[in-house]
Amino acid sequence: MRQRIRASSNTTGDNKRSLSIPRLGLAVLLVGVFCAAAVAEPVSIPRRWRSLSELLDEAGRPGEIQFAMPSGVGGNVFAGDAEAEHPAESWAKDAAETLGFTIEVVSRGDTDILVAHLPDDDALQTLSDALAGDDVDRAVEAAWRLGWSRDARAVRPLARACGDERMPVALAAAVALERLDGEGRPQPMELSDQVRTGRGAAPDVTRDWRLRYRTRRRRRMPVAAVWPDITDAATVRRLLESKYMPLRRAGVRLSVALPDAADILAEAANDSSPAVSEPARVLAALLAMDEDVPRDLPKMPPDEEIAETITGVLEGERGAVIGSGYTNWGGCRTLQAPVMAGHEEATDAVLKVLARENETVDSLTVPMAASVLRLVGGEQVEKTLADAVEAGFELRRVSPWAPAVSLAQVVAHGSDFYDAVGREAILSRGNQDQGSGAYMLARMCHDILDDAVADLIQAADGAEITSYRAAEALGFVGGPRAVNALSEVVRREIPVQGGRKNYPDASVHFAAAKALGEAGTAPALQALLDLTEHEHHLLRWAAVLGLREIGGPQAVARLTELTSDDEMRLVRAASADALEEIDRAGTPEAVAEFRDRDEGVGRRAQFNPRNEKLADLPTGEWVQLDIGLPHSGHGGHEVSWDYDVANRLFIRIGGCGYFYGNSIFALDLGTETVVMIRPNDWWSGWHGLMPSPGCCGGRVYDPDRQVVWFGPTTSAGHGSGIYPVSFGTYHPATDRIEAHRNEGIGRTRHLVYDLNRKWVVPIGPTRQGMRIFGTETERPVNFGDTGCPYNRNGDGAVVGLYNPLDGRYYMTGRHRGEPFRTLVFDHEERQWNKLDWETPPMTSGAGGYDVFNKVRFLTGQLRGEETTFWIFDCEDPQWAQKDVEAPDRLHAHTSRNSDFDPEHNVLVVFGGWSWSIHVFRYKEVPEGTTAEY
């Protein structure tokens, strides 16, 4: 029997007026909001489907409304009446009657605050007593359950426990406070709000906290803002000075209860950790917000467009529906606004798609239908979805956006629905959509908490994508059982993938280590400290990333040792970064010494092979290694693998396997080990921002910053409509993504890094003129209408490269059947000039810069032709074809996946359709040879 937390009709404590509503049936669980409101003037609003937060937002427009609720409370309601006016309180009551939660009005000074939650007096009292009791294990368990209780009043005992002298209890309470209040990352229904308004994340968003708040018109405050007496300034400042990161984050959350919150948050905004400083900046801005934030509602298409779209959707006509360029899933998306407005014919059409009443409806359309209907909810939607699942709805193989929509349905409609059809989908091991249900289950598991943990532990037992996502979900759900299970995962042997893959895969270990950091408790800290002793440096690296999220004196001591002594720069760099964030009193001496030694490390190459197989290779011929590549759900081609010289890793961001993705992979060729650092995640859900998904996106390594720059992909218009970052950097050592203002740098297949000017340069087709990004100024250099003269269509794609010896940019390609040509960019005239050279006849190619011999490589093919191999001499610029049999099956789209590895003195080409790895050594160099980029 599972314990369910129900709404109570009588509440105690605090000064309030009760508007308790008994909970009714199955509700669409949503991200929570806490609602603080001065009583607003009556207002009328159009009748349509809204989330609770939208409803309160619109109903409160004439007055000063603030709102917040425990995470996981809410739902969608069909509300509004253009003829009747009601205050926000009345609209909230109407929503509560439909969704089945409790509304209370709490007075704070002259302000009445609406609080929407699921109070349970008996559970609150029992867990609060256990939290304050002498038994530490019971107290930790109680904190965890209070964090998932959805009872807003749990903030009081948790705030008190954050100052507990018993550190295991204080850490558990701080993490529980995050789960109660909303962990600071966007929740599924909040992202639906963004889809509704047609807006994704702003390009200047730098942290996930900002995504949480950007769809709100008014101030949305944490739970602590409702009760000013739950803490005091001395306690908050003590928390903010802690070396334990969960306590610092708790200090930020609790500060809003204080009169001098603005001053405290201003200080916290300068914290050494982005996980503390960004929430502080956001909350400070919310406290100071006086103006309304405009909100665009979905626009209703004309009636004739609705009718045409309905016809196309029902007939399953590819490319025949308005809003669709390839398949009729765009038709379902076009019907989104009519469905939300209660248009019966449009709603029926989308329901029929989900029910697969017409066999011509393709599998890409079904998950989009589910996405649209999830914005609506209701019994009919739930029944249709349940029937679809029971009838064998192919949740695990439908389109790239299924993680964001289809499996979400299974766990978004309450525990009974999960029992009926969800568990099998959560635990299934299909292909690219594995683990999506684990993601959703972890966010909405408050009334099936114990069952969720048990199911996720079972799902984490393996080496598939499901196991990776289940491990992540366990860290988020937390609790003693989850931490114990994750500790067991990181102690396992690293498995070797069989078949044509044949590589050690440390992905689940990596996910479990980061999940322990997410769990944030004392046992998780100890498990990570133990993992820092692992013989494999990739797992030591993962342990450091986890320790960065917990901190504490023990972590500081161990990280100091790793910064000084670890044999791998990757681990040393991650440890130094973690120390700078945790130890805000000052940079430890070990970090300063590391920074001094590390100066210019990205520009220094050395031939010193760790992989003995690559020590002695024949020159002038291709060698296929006996290791394969991850593919399928991981993506496989159409973006480059880039070699991180400083950390001796190959990094791939996104790509196309059987669908478009934005996963991040690392390959350590020295140990032949692959790690999925981040899985496909179009929702930016677990670990902050993610690149936009898609194919053919520019990537380039920056040796000065030791980061990989990524540009917007050519297919980024597909999917759910939420694209966290289109232009930014990925820092491998710290596993951090930084978004940069795009400033018109358009979609292109090739980015190059100008070593002399420190520019990121798009070479290839762009919709804009040539806008170059200066990495030092972080501003674009506008070269006006000097973009690529060749477009991307058909055989018009191009290959771009940079020659570090003459500082010039070159491209090869052709335009619509013209002869292949090489062009060079003239910086003075700011234009591309054609060169009278023999040019490689290929429309895309794999390349890399041999820093020892000062040549660039290009291997690829023209469609239908044999693969050819060319070399560009950087000292005497020209192309020369080499009479070398190149790897076969390098499709024009797939043959871009390569870079030069100076550690092993080989050009490495990654697979294409063959999912294999080939290496090529141009010339021998003595072991120990060094060179500067």
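Leaving out residues up to four places away in sequence, His918 touches Trp622, Val623, Gln624, Pro887, Leu907, Val908 and Val909. The model that contains these contacts is predicted. His918 belongs to strand β34, which spans residues 916-920, and this residue is buried, with a relative accessible area of 10%. The points below turn to the protein as a whole and then to particular regions.

**Overall composition**

- The protein has 933 residues, of which 66% are buried.
- Its secondary structure amounts to 30 helices and 35 strands.
- Of the contacts between residues at least 6 apart in sequence, 66% join residues at least 24 apart.

**Individual buried residues**

- His918 also has a C-alpha distance of 9.4 Å to Val906, a residue 12 positions apart from it in sequence.
- Val106 is part of strand β6, residues 102-108, and is buried, its relative accessible area being 2%.
- The C-alpha atoms of Val106 and Trp227 are separated by 8.5 Å, although the two residues are 121 residues apart along the chain.
- Asn611 is found in the loop between β10 (604-606) and β11 (622-628).
- With a relative accessibility of 6%, Asn611 counts as buried.
- Apart from neighbours within four places in sequence, Asn611 is in contact with Leu669, Gly670, Glu672 and His904.

**An enclosed helix**

- Among the buried residues of α10 are Arg248, Arg249 and Arg253, together with Met245, Leu247 and Val252.

**The sheet from β12 to β15**

- Four strands make an open sheet in the order β12-β13-β14-β15, with antiparallel pairing.
- The edge strands are β12 and β15 (673-678), each of which pairs on one side only.
- On average, neighbouring strands of this sheet are turned by 25° against each other, direction ignored.
- Helix α27 (residues 537-550) packs on the sheet and touches β13 (649-656), β14 and β15.
- The direction of α27 makes about 20° with that of β15.
- Strand β14 (residues 660-668) is joined to β15 by 5 bridges, and the two strands run antiparallel.
- Asp668 stands opposite Thr673 of β15.

- Strands β17 (residues 707-710) and β18 (residues 728-731) run antiparallel and are joined by 3 bridges.
- Phe710 has Gly728 in β18 as its bridge partner.

**The largest cavity**

- The structure holds 12 cavities of 30 Å³ or more, and the largest cavity has a volume of about 630 Å³.
- Its lining is formed by 32 residues, of which Asp642, Val700, Gly848, Arg856 and Asp899 lie nearest the centre of the cavity.
- Two or more lining residues come from each of the strands β12 (641-644), β16 (699-702), β20 (750-754), β24 (798-803), β28 (845-850), β29 (855-860) and β32 (898-901).
- The lining of the largest cavity divides into 19 nonpolar, 7 polar and 6 charged residues.

**The second largest pocket**

- The second largest pocket has a volume of about 460 Å³.
- This pocket is lined by 20 residues, and Val601, Arg604, Gln606, Ala646 and Arg648 are those nearest its centre.
- At least two residues of the lining are supplied by each of α29 (569-582), α30 (589-598), β10 and β35 (930-932).
- The lining of the second largest pocket consists of 8 nonpolar, 3 polar and 9 charged residues.

Conventions:
Residues are numbered from 1 along each chain as its sequence is written. This is a predicted model: local features need pLDDT of at least 70, side-chain atom pairs count only at pLDDT 80 or more; totals for chains, interfaces and linings use all residues. Side-chain values use heavy atoms; hydrogens and water are left out. On a 1 Å grid over the protein atoms alone, a cavity is a set of points where a 1.4 Å probe fits but cannot get out, and a pocket is an open set with protein on both sides within 12 Å along at least five of seven lines; lining residues have an atom within 4 Å of a point. Grid points are joined across faces, edges and corners, and a volume is the space filled by probe spheres set on the points. Ala, Val, Leu, Ile, Met, Phe, Trp, Tyr, Cys and Pro count as nonpolar, Asp, Glu, Lys and Arg as charged, and the others, Gly among them, as polar. Buried means under 20% relative accessible area, exposed over 50%, partly exposed in between (1.4 Å probe, protein chains only). Two strands pair if DSSP finds at least two bridges between them. Axes are lines fitted to C-alpha atoms, for helices over the stretch in contact, and angles run from 0 to 180 degrees between N-to-C directions. Contact means heavy atoms within 4.5 Å.
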